[in-house]
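Colleague: Could you take me through the sheet in this one, strand by strand, along with whatever packs or pairs against it? I'd like a close look at that part.

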Amino acid sequence: MQYLGVDPLQAGNVVQLVLVLGLTIGWISTYIFRVSNKEMTYAQQLRDYEVKVLEKRLESLTEAEIEALLEQVEEEKRRLAALFVHSEYAKTVANSYIYSVFGFFFLPLSPTIFSLLSPNRSIELVAMSFRGGGTNASSGMGVADHSKTTYMELQRKKVFRYVIFKIDEKKKEVVVEKTGSPAENYDDFTASLPENDCRYAVYDFDYVTSENCQKSKIFFIAWSPSISRIRSKMLYATSKERFRRELQGIHYEIQATDPTEMDLDVIRERAN
C-alpha cells in the first residue's frame, strides 16, 4: 500500500482491520454452521446422553418385549400402507403417524427408521435408532487389534480372499472367526456364513471390466439372516457403524437378510 502513496502507519491499521474482520466473519460463519447442524457442545452432550439412556432401555428389554414392540410397529405400517397402496405419500403419513404413536419410546429417534416396510429390515433399523441414528454415536462393541491387522493383510497384501468376523460378547469386541485363502471362491465364502446367526465379513472380489482390465473391489457384508435371534440382530446392528469405520478402503457395503441379497450377481452388478 506504500506504493499507492498510503502512509505506512495507516496501511498497517488497514491490514490489521481487514485481518480482524476476516477472522470475526470466519468465526461467526462457523458458529452459524454449527448451530444449524446442531454440532454445538451442548447439543452433542445431549445427544450422547440420549444415546446412553436408550442403550440402557434396550438392555432392559427382553426378546419378547422387543418382538412385541416391533410387531406393533409393523402392524401399524401395514394398516396405514393398505389405505394408500403404492403411494409415496402414504409412506410419509404412515411414518409420521407411527413416530407420533411410538415416540414416547423411541424419542429422540428419527422417523426415517420406519421408512421401510420390510419386517426383516425393521429390527436392524430400530437397533440403529438406539445408537442415536447418527455416525457420531459411540455405542457398539470394541474391535480387536487382530481384526484390524487381518483386514489390512487382506487389503494390502492380498493374503486372504475373505475374512469373517463375529462379536465375542464375553470380550465385548469384534474378533476374527475365519479367513479364506486367495484360492477360495465366492461359493466357499457364502458357505462359511452361518444360516441362523449374524456376522460381518469382507470379501476381495476380483473381476475383469468390459475394457478387459483386471480390477479388485473390497465388499463389506453385514449378514443378518431373518431367522437369527433378535438379540443377535440388535447387537450386530448397533455395533456395525463403529466396526465399519475401522476398516479403511472398503468400496461397497451390502446388508443381507437372505442369500439372494448377496449372491454373486449382486456383487458383480455393484462392482461394475
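Modeller: Six strands make up an open sheet with mixed pairing, in the order β1-β3-β2-β4-β5-β6. Strands here are DSSP runs of E with at least two residues, helices are runs of H or I with at least four, and both are numbered from the N terminus; two strands pair if DSSP finds at least two bridges between them. β1 (142-143) and β6 (252-256) sit at the edges with a single partner strand each, so one side of each has no neighbour in the sheet.

Before going on, bear in mind that this is a predicted model: local features need pLDDT of at least 70, side-chain atom pairs count only at pLDDT 80 or more, and totals for chains, interfaces and linings use all residues. Residues are numbered from 1 along each chain as its sequence is written, and side-chain values use heavy atoms, leaving out hydrogens and water.

The β2 and β3 hairpin has four residues between the strands, and Lys-172 takes a positive phi near 60° in it. Further along, β4 (residues 199-208) and β5 (residues 214-223) are antiparallel and share ten bridges, with Arg-199 partnered by Trp-223 in β5.

Now the helices. α8 (residues 230-246) packs on the sheet and touches β1, β2, β3, β4, β5 and β6, its direction making about 50° with that of β4. Contact means heavy atoms within 4.5 Å; axes are lines fitted to C-alpha atoms, for helices over the stretch in contact, and angles run from 0 to 180 degrees between N-to-C directions. α6 (residues 145-157) lies across β1, β2 (162-168), β3 (173-180), β4 and β5, at about 35° to β3.

Arg-161 and Asp-206 meet in a salt bridge at 2.9 Å, N to O (the rule is a side-chain nitrogen of Lys or Arg within 4 Å of a carboxyl oxygen of Asp or Glu). Arg-161 is in the loop between α6 and β2, and Asp-206 in β4, 45 residues apart. The whole structure has ten salt bridges.

For aromatic pairs, rings of Phe, Tyr and Trp (its six-membered ring) need centres within 6.5 Å; planes under 30 degrees apart are stacked, over 60 edge-to-face, and the rest tilted. That gives twelve pairs. One of them, Tyr-186 with Tyr-203, is edge-to-face, at 4.9 Å centre to centre with 90° between the planes. Tyr-186 belongs to helix α7 (residues 186-191) and Tyr-203 to β4, 17 residues apart.
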